[in-house]
Structure formats: C-alpha cells, structure tokens
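Hi all, thanks for making time.

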Amino acid sequence: MYQDTTIGVVVPAYNEAGFVGDVIDSIPAFVDRIYPVDDASTDGTWEEIREHAQRQNAPTPELVGDGGTKRRVVPIRHSENRGVGGAIKTGYQRAVADGVEVVTVMGGDGQMDPDLIERIIDPVVDGRADYAKGNRLLLGDHHDSMPAFRYVGNVTLTYLTRIASGYWEIGDPQNGYTAISAEAIEAADLDEMYEFYGYCNDLLVRLNVADMRVVDVPTPAVYGDEESHIDYSTYIPRVSGMLLRNFLWRLRAKYVADRPHPVALCYLLGAGGVATGLAGGLLALLRATALPTLAALGFGLLFLVLAMVLDKRSNDHLTSVVSPTPT
C-alpha cells in the first residue's frame, strides 16, 4: 500500500523471456498486486512469469493464516494474441475487480525504471489527476538517447494525438509508463478500447470524453537489448486511421450530442473550406484562376485554427504537466 492507497501494476508481455522475470522482481514492495499478462507468447515468457510468481507468492505466516489466498503476483495468460492494448485491458479489468485503487503499467521488456513508479503514481494518488503518463520529450537529456526516427515519429504522433484527444498540453503519447485510477478505468469504457499499439492514443480520447484529468510526468528514455514488436508499415496507417475516427467520435460526443458547440461548427467550416480549396486547385490548374482557390483555403485554414483554439480552451482544465526537474 502507498499513502493509504492500494496499488497494482500490470505487466503486458509478449515474447519477453529473459526480461519479464526481472521486471516482476524489480517492482517495489509497496505495490499490492502485480498482474503479468502473457499475450499468447511463443517463447518461454509464460514459464518465466509462473516461476517468478511462485517465488514471490511463497507461503508466509500472514498468508498461511489467511488460507494463502492473498497472492501478490497474479499471472494471466491469453489464449490468443490480442496486442499490448488487449493485455493492458485485461490487467486493468482484473485490478478493478480486485478492488485496486490505482493501477500503473510497466512493460515486460524492462524499459521502464521501477524507481520512477512513485513519480508516476503520485499525481493520481494525491488527487491531482485521474491519469498520469510519462513524457520523454520534456527534458532534452531525457530524449537524447531516443533514436532519431523514433523521435520524429513521436513528435508527429504527439501533435496528431493532441488534435484527436483534446489534451493540447500532452506529449509523448506512446509512452506506456502510466498510472490510472479505478474510477477513470470504469469511466473510459474499456470494453471498446483499441487493442493494437495505438491503445494509449485511444485511451486518451476516451478519458477526454469522460472529462478525466491527465498529467504528464517527465521520464527518461531507456533502451536496452529488447526488440520492438512494432511493424511500422502497418502501425502508421492503422493508428492514423484510428486517430481520425476517434477525433470525429470525440467531436460528436463532446460538441454535438447534447447541443451544438462552436468548436464543432468551426471544424466543419474549416474542413469544408480546405476541401473546397483543394478541389478548386484542380480547376485552377485548368483555368488559371487561383484567386477563389486561395480564398477558400484561407477561409478553411482560418476556421481550423479557430476550432483548435476553442477546443484547447475547452479542455485546458483537464491537462497539466509536472514541473520538469533534472534526474
């Protein structure tokens, strides 16, 4: 227990033999429950999870007195691969069912420093936020070790996710080092949560629609001998399409469902103006009349910027950042 709050850690793992056991053993003693979720691995991940769970769950006097039912490590195994989002969803749901109040996530690949757990969970435990996430982009010395292609991709996804989610101050949306309250898990409607690698972006949109507060926490990037399971040829188009669908869903849920809001109108006018301008550009090439095209594009871009400004103002109270401090 941590500051009178029960803490759980979900450890999603797919083919992480040689790493996941060390992750389980490294989790601080104040954590009440650990949920390693084997996402139908094809190597020795499940056996490693069970071995380390058995070691940590060895009978102790207090456990024997309670019938030995208070397992600290609760191994879970998927019968088929569902993706990292699916593994985290399973862990979240089990933690809520067990009455855990704050749940954090540590990847089974060992990239997340267990010494940072307190920094991640503090904003949720003390009530400043419903969801806290790491951000490797807040301090230069944190992201210096990030490979260049990952940094460019991360910055691109940061801006796309800001637009889609309405959390205009967040960064590094792919950072999986997170903490969430049980209330936020229930409010986010996890049954429909995206299960591919874009789960973290999808979850942010769901939290915004539920008016949950999100805070970014400075964390360093850590890269070791682990292998990435992301296939970028499928990752980029799938996540981009998901973000577009989520953006449209968020606009409908927050700005149309109850009563029309200026944000929705501005986005509509902006998109219409840009589309008209682009279509007019094709005609301009044939007729050499660029003025109407430029006017439509300018009109559309103006309303898109206005929509983003209004959207940001509507959601500023839901986003904050922990003051960066060198580590």
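Predicted model: local features only at pLDDT ≥ 70, side-chain atom pairs only at ≥ 80, totals over all residues.

Residues are numbered from 1 along each chain as its sequence is written, and side-chain values use heavy atoms, with hydrogens and water left out.

So, how many salt bridges does a search of the whole structure find? It finds 16, a salt bridge being a side-chain nitrogen of Lys or Arg within 4 Å of a carboxyl oxygen of Asp or Glu. One of them joins Asp38 and Arg77, with the closest N and O atoms 3.4 Å apart. Asp38 sits in strand β2 and Arg77 in strand β3, so this pair ties together parts 39 residues apart in sequence; strands here are DSSP runs of E, at least two residues, and helices are runs of H or I, at least four, numbered from the N terminus. Asp38 is buried at 0% relative accessibility, while Arg77 is partly exposed at 46% (buried is under 20% relative accessible area, exposed over 50%, partly exposed in between, with a 1.4 Å probe and protein chains only).

Next, Arg136 and Asp172 meet at 2.8 Å, N to O, and both are buried. There's also a network of salt bridges linking Asp25, Glu51 and Arg55.

Now, what lines the second largest pocket? Its lining includes Leu160, Phe247 and Met308, and α10 gives the largest share, four residues. A pocket, on a 1 Å grid over the protein atoms alone, is an open set of points where a 1.4 Å probe fits, with protein on both sides within 12 Å along at least five of seven lines; lining residues have an atom within 4 Å of a point.
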